[in-house]
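Please open the model in your viewer and keep the sequence panel at hand.

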Amino acid sequence: MSPSERRRSTQPPLRLLQVVYGARRRAGLVADRLARRTNQLRRDPVAELPKVDCDFFAVLDGRTLHLHALLPSAAVPAPSRATLVFLQGAQVVECPATVEAEGDAFGVRVQAAFGTGNDDISLAKGVWSLALAVSGEAGEQQFALRAGESPEHDGPTVPAPPHPISGWRYEPGLGPHGLAQLTVTGAKARAEVIQLATGRTEARIQARLLGVRSLEDPVVVFTPRAGGADLVIPIDPVDGRFEFVVPLAELASGPPGTEVIWEAWVRTSPTRMIRLGRFLHDLRDPRTVLRVSRTTVVVGDRHFVGYRPYYTKAGNLAVACLHFTGAPT
């Protein structure tokens, strides 16, 4: 991309959109809390069913459901078939389960993936109640799943990461009667980095858009953390994916040897800004794992840029650049 295709912008709307982004994020957190509270007050459609204990209920890696429940042998004599049922209003989605003897009880196991593939479980947004449908000699009977509180989790990973492809979240939880439920939310509007590619003379970034419904004159915006003019780079996403050359010479705008840090954004429309970074992972602090080495890139005759892209704790991409000149030969 030639310098004429890029432009510096001092327009106040860019700063304003960044402020609006933060306000929207905070409003979204409040809305999530209100939705959880509303869910606690709603009537669970499986509340009147007989209960069985669910001793493991989790969604691992953001997309794979793992469930194990214990069914007393007296509940359904000689069970031969089991199905996990998701219920939300008039919607019913079924998932195959396996049942086998475990001592004096029967264990029911489920392992399935969420998504849109032929073998995946496809659920709409909202709160889903869960039930077990078990068939035996006396016919079919349904049970609600009674689960315990999830243990406190303070390790290096988060308990409910986003789906690594779609960005949707499938979060196990409990309803008002201690019964297992699943909350499904759509992807937050983000631009997910696919690759940071650096050569001897240029650096490129590949990314894809998530949760973005419409595009109008999209651009990448680099904002200097210490204040100053933004740097705007037009992009042309295809099927939500885009790639651009990092304007290293323009980002290394400080005095020789002084590093300048830029925040990376994507403006998807004249009124919408989203963050560019790495968000589809289960890391509590991506800074400790998603590390990128500093690279020296040649940008002219004996002119060099020290290029250091990195991720913040929230997963946002930042780019640090400094320039220096080699000794004459």
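Which residue in β10 is the bridge partner of Gly 126? Select Gly 126 together with Val 184, for Val 184 is that partner in β10. Before going further, please note that this is a predicted model, in which local features need pLDDT of at least 70 and side-chain atom pairs count only at pLDDT 80 or more, while totals for chains, interfaces and linings use all residues. Residues are numbered from 1 along each chain as its sequence is written, and side-chain values use heavy atoms, with hydrogens and water left out.

**Strands around β10**

Strands here are DSSP runs of E with at least two residues, numbered from the N terminus, and two strands pair if DSSP finds at least two bridges between them.

**Two aspartates with positive phi**

Most residues other than glycine have a negative phi. Select Asp 61, whose phi is positive, near 55 degrees. Asp 61 is placed in the loop between β2 (51–60) and β3 (64–72). Is this residue buried, partly exposed or exposed? Asp 61 counts as partly exposed because its relative accessibility is 43%; buried means under 20% relative accessible area, exposed over 50%, and partly exposed in between, with a 1.4 Å probe and protein chains only.

Move to Asp 217, in the loop between β12 (203–210) and β13 (219–224). Phi of Asp 217 is also positive, near 50 degrees, and with 60% relative accessibility this residue counts as exposed.

Select Leu 67 in strand β3; at 3% relative accessibility, Leu 67 counts as buried. Show the residues in contact with Leu 67 (heavy atoms within 4.5 Å). Leaving aside neighbours within four places in sequence, these include Cys 54, Phe 56, Leu 84, Val 108 and Leu 145. Leu 67 and Val 108 are 41 residues apart in sequence, yet 7.9 Å apart in space, C-alpha to C-alpha.

**Aromatic rings**

Colour the rings of Phe, Tyr and Trp (for Trp, the six-membered ring), which pair if their centres lie within 6.5 Å; planes under 30 degrees apart count as stacked, over 60 as edge-to-face and the rest as tilted. How many aromatic pairs does this rule give? The count comes to 5. Centre the view on Phe 242 and Phe 244: this pair is stacked because the ring centres are 6.3 Å apart and the planes lie at 15 degrees. Both Phe 242 and Phe 244 are buried.

Phe 304 and Phe 324 form another stacked pair, with 5.6 Å centre to centre and 20 degrees between the planes. This pair links distant parts of the chain, 20 residues apart, with Phe 304 in strand β19 (residues 303–311) and Phe 324 in strand β20 (residues 317–325). Phe 304 is partly exposed, at 22% relative accessible area, and Phe 324 is partly exposed at 32%.

Finally, select Phe 86, Phe 114 and Tyr 170, which ring pairs link into a cluster.

How values were computed:
Helix = DSSP H or I, 4+ residues; strand = E, 2+ residues; numbered from the N terminus.
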